[in-house]
Structure formats: C-alpha cells, structure tokens
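Hi everyone, thanks for coming. I'd like to walk you through one structure today, so please have a look at it with me.

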Amino acid sequence: MRSSRLPSNLEPNALTRTLGEIRRRGGKIIDLTESNPTRVGLSYPPDLLAPLADVSGLTYDPQPLGLWPARAAVAADFRRRGIAISADRVAITASTSEAYGWLFKLWCDPGDTVLVPRPSYPLFEHLARLESIVAAPYDLEYHGSWRIDFVSLSKALGPRVRAILVVSPNNPTGSFLHRDDLSALAAICQERRCALIGDEVFADYPIDPSPAATSVLGQADVLTASLGGLSKSAGLPQVKLGWIGFGGPGAEVDEAIANYEIVADTYLSVSTPAQLAAPVLIERGAVVREQIRPRVTANLATLRERARAFPSIDVLPVEGGWSAVLQIPAIVSEEALALDLLTNDGVLVHPGYFFDFAREAFVVVSLLVEPSAFVVAIDRLLTRATREVPA
Ligand SMILES: Cc1ncc(COP(=O)(O)O)c(C=O)c1O
C-alpha cells in the first residue's frame with residue numbers, strides 16, 4: 001500500500017549509509033551540512049520561548065489565516081525589511097514547507113506544473129509530488145554571478161504551469177534574484193496568468209557586497225506570495241511558525257486569500273501558543289539573527305582565506321544565506337569525494353548533485369558551523385579535494 005506521491009525507493013544513498021555506520025560505531029564527524037541553528041553553539045536566551053506559556057493560550061480561537069496580532073507582527077516585520085504590506089494580506093503557517101503545500105493546493109490541480117530553480121533546495125520535488133503536481137526545473141547559470149537562464153525557463157513553460165518559484169537569496173548558491181530577472185519573471189507570470197512565489201526565508205542574511213534584496217511583493221501587477229518564517233529569521237525552526245505575504249492586483253489577492261482560507265480552515269495547523277508568542281518572538285528573535293550574521297560572515301572569510309592556498313578550488317561568490325559553494329577539480333566524482341572525505345577525514349559535506357547542479361564538481365558547505373570545527377573541516381576538505389590534482 002503506497003501512494004505514487006511517495007518515492008518508490010526508500011533505500012538510503014551511499015553517503016547516508018556510510019554516515020549511519022560511522023555513527024553506530026560511535027565515530028565522530030564534523031558536519032559541514034549542518035543547517036540547524038539550534039545545534040551550532042549559538043547562545044539562545046534561556047527565557048526566549050517563555051512567551052509560548054502565555055496564559056491566553058488556554059483559550060482556543062481558531063482563525064484560518066492566523067490570529068490578528070501574529071498577522072500584524074508579520075506585516076510589521078515585512079516593513080522592517082522595507083516592504084509595505086497590510087496585515088490582512090498575511091497568513092500564518094506552521095512552516096515555509098507547509099506554506100508551499102498549501103499554495104500548491106490553492107493554485108494547482110493534480111498534474112499541473114510549478115517551475116522551480118535549479119540548482120536549489122531539494123525539498124521542492126517532494127513538496128510538489130505530495131500535492132500530485134510536477135516541479136519542473138529552470139536553470140540558474142553562473143557567469144561570475146547567478147542569473148536565470150530564460151531560454152531554459154521558456155522551454156519549461158508548458159500549458160499547465162500555474163506558478164513560478166524563486167528563492168532569494170537562493171539555497172545553496174547564495175544568490176539574490178537580480179532586479180531585471182524579477183521584472184522579466186513578473187512579465188511572464190502576468191502574460192501566462194500564473195503566480196510568482198518568492199521564498200525569502202534567507203532575506204535577513206545578506207553578505208556584503210550584496211545587491212539590494214528584491215521581494216516578489218514589489219510586483220504590483222502579478223499575483224505573488226512571499227514566504228518567510230522564524231526558522232531562519234530568528235533561528236527558531238522548532239517553534240514551527242512561518243508566514244505568507246500575498247501581493248498583486250486587489251481582486252486577485254482577495255480571491256486568493258478567500259480560497260486559501262478554505263485550505264487553512266481544513267487543517268488549522270498552527271498552534272495557538274506559537275501564534276500568541278509570534279510578536280515577541282519575531283522581535284526578540286533578532287538576538288539570534290544578530291549572532292548568525294557574524295558567524296556566517298566569519299566562516300566565509302575563513303573559507304576564502306584557507307582556499308587561497310588551493311588555486312584549483314574556487315569559492316563562488318556568496319551574496320546571502322547560510323551556505324557556500326566550492327567548485328572543485330572534477331578528478332573524482334562528487335560522490336566519491338564526499339564518501340572519501342567522510343570515511344577518511346570524518347567530514348560530511350553535501351555533493352553538488354544533492355542540489356541538482358547541472359554538472360560536476362561542486363561541494364556545498366554550511367557557514368553556520370561552529371568556527372573552530374569549521375576551520376578544521378575546511379582544511380581537510382581542501383586537502384582531500386586536491387589530493388589527486390597533478391602538481
Ligand atoms: C530555501 C528554503 N526554503 C524553505 C525552507 C524550510 O523552512 P521551514 O523550516 O520554514 O519549513 C528551507 C530550509 O532549509 C530552505 O532552505
């Protein structure tokens with residue numbers, strides 16, 4: 001008994017198997033894929049989650065779009081980022097992943113397509129499949145910076161495309177959506193009558209010199225949804241609080257929100273304590289954000305400095321987010337390198353194919369990792385990746 005929405009093969013891949021064996025033996029590794037901010041030695045104020053115990057949480061007031069103070073706090077947070085939105089265009093979700101699922105239910109029928117960037121975050125394929133829709137990739141191309149390849153996007157633009165997704169800054173390329181690319185996407189969405197969904201979960205993490213962040217909500221003529229959440233903006237993935245800001249022409253937004261309400265009312269998934277705490281958590285979460293920013297910047301500087309001694313390795317520019325991409329000599333496959341590094345050096349990295357890079361050989365590292373472990377692991381990675389490079 002298995003729905004075809006689920007993967008047919010549940011076998012773990014070689015990297016996961018090897019990691020499991022090392023862990024079973026009690027072996028220690030340095031995890032350069034760690035993207036969980038609660039596990040990287042940041043200092044969380046012990047009472048940060050105290051607002052979850054607010055006594056008003058003893059009363060249940062089911063609101064499909066979320067409790068008003070939470071929606072108003074999210075609208076204020078958009079304003080902090082320079083984006084004007086009224087609270088009645090905000091919906092509260094349990095996570096960004098859930099937001100994707102609900103937008104797909106809202107705008108797509110089974111068999112419809114959404115366009116997703118490549119390389120990008122690997123969850124899209126699963127999120128789409130679970131809604132019985134297709135995630136068709138369009139390419140991002142690297143020419144000193146990452147830009148949308150509009151030829152590949154046009155090829156993917158079939159009759160059943162209902163939405164185009166952008167991730168800005170993108171995970172893992174760290175690239176912000178270029179203003180010109182955003183305008184071109186908006187024009188396509190307007191012409192094809194499809195929605196533009198912007199994953200802006202990392203928008204709070206620009207790295208200098210970064211282009212000014214562009215939100216899909218700035219496009220007044222097209223139906224848009226901007227996604228964010230406490231997971232990244234306040235380093236609090238365990239609270240399970242995300243949001244959607246809707247934008248575009250008034251009548252289309254009103255219709256989208258009215259229909260969205262039906263989806264949200266069916267599940268009512270966001271906990272009342274999390275919603276009541278939202279205004280304080282969004283504000284106080286800045287203490288975590290303000291630790292993540294220098295952590296990411298310092299690790300990136302370390303990576304660049306250590307990589308200078310390895311001319312065959314290129315650390316690609318990072319405009320924002322929590323990860324960096326290294327282009328490495330394609331002497332062995334990405335998978336062989338990752339396995340070798342894990343088995344012999346005790347360092348776990350994500351091979352580029354995990355994010356669907358168009359070709360080999362790339363490695364992705366998390367910049368969140370505790371700095372003293374980060375530098376050790378980076379030195380091992382650089383040495384291992386260049387071991388067979390002819391002198
Ligand atoms: C680009 C991107 N979007 C969304 C998410 C999921 O966020 P949430 O925890 O809100 O589901 C992640 C998590 O890593 C991500 O990298």
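This is a predicted model: local features need pLDDT of at least 70, side-chain atom pairs count only at pLDDT 80 or more; totals for chains, interfaces and linings use all residues.

A ring pair is described by how far apart the centres are and by the angle of the planes. Searching the whole structure gives 13 aromatic pairs. One of them joins Trp 107 and Phe 246, edge-to-face, with 6.3 Å centre to centre and 85° between the planes. Trp 107 belongs to helix H3, residues 96-107, and Phe 246 to strand E9, residues 242-247, so this pair links distant parts of the chain, 139 residues apart. Trp 107 and Phe 246 are buried as well.

Tyr 205 and Trp 322, from my opening question, also make an edge-to-face pair, at 5.4 Å centre to centre and 75° between the planes. Why does this pair tie together parts that are 117 residues apart in sequence? Because Tyr 205 sits in the loop between strands E7 (195-199) and E8 (224-229), while Trp 322 sits in the loop between strands E10 (314-315) and E11 (323-327).

Back to Trp 107 and Phe 246: together with Trp 102, Tyr 260 and Tyr 267, they form one aromatic cluster.

For Ile 92 the relative accessible area is 1%, and buried means under 20%, so Ile 92 counts as buried. By contrast, 37 Å separates the C-alpha atoms of Ile 92 and Arg 17, which are 75 residues apart along the chain.

Which strand does E2 pair with? E2 pairs with E9, in the antiparallel sense, over four bridges. Within E9, Gly 242 is the bridge partner of Thr 93.

Now for the cores. Nonpolar side chains tend to be buried together in soluble globular proteins. The largest nonpolar core here has 68 residues, and of these Leu 32 and Val 365 touch the most other members. Leaving out residues up to four places away in sequence, Leu 32 touches Val 347, Leu 348, Val 365, Phe 374 and Leu 381, among others. Apart from that core lies another one, of 32 residues, including Ala 128, Ala 163, Ile 244 and Ala 264.

Ala 163 is also one of the residues touched by Thr 113, along with Val 134, Ala 136 and Val 161. Thr 113 is in strand E3, residues 113-118, and is buried, with a relative accessible area of 13%.

Last stop, the ligand. Which residues are around the ligand? Among them are Ser 95, Thr 96, Tyr 121, Asn 171, Asp 199, Phe 202 and Lys 232. An N or O atom in the Asp 199 side chain is 2.6 Å from a nitrogen atom of the ligand. A polar side-chain atom of Asn 171 is 2.8 Å from a ligand oxygen atom, and for Lys 232 a polar side-chain atom lies 3.0 Å from an oxygen atom of the ligand.

Conventions
Residues are numbered from 1 along each chain as its sequence is written. Side-chain values use heavy atoms; hydrogens and water are left out. Rings of Phe, Tyr and Trp (its six-membered ring) pair if their centres lie within 6.5 Å; planes under 30 degrees apart count as stacked, over 60 as edge-to-face and the rest as tilted. Helices (H or I, at least four residues) and strands (E, at least two) are DSSP runs, numbered from the N terminus. Buried means under 20% relative accessible area, exposed over 50%, partly exposed in between (1.4 Å probe, protein chains only). Two strands pair if DSSP finds at least two bridges between them. A nonpolar core is a set of buried Ala, Val, Leu, Ile, Met, Phe, Trp, Tyr and Cys residues joined through side-chain atoms within 4.5 Å. Contact means heavy atoms within 4.5 Å. A residue is near a molecule or strand if one of its heavy atoms lies within 4 Å of it. A polar contact is a pair of N or O atoms within 3.5 Å; within protein, one must be able to donate a hydrogen and the other to accept it, and residues adjacent in sequence count only if both atoms are side-chain atoms.
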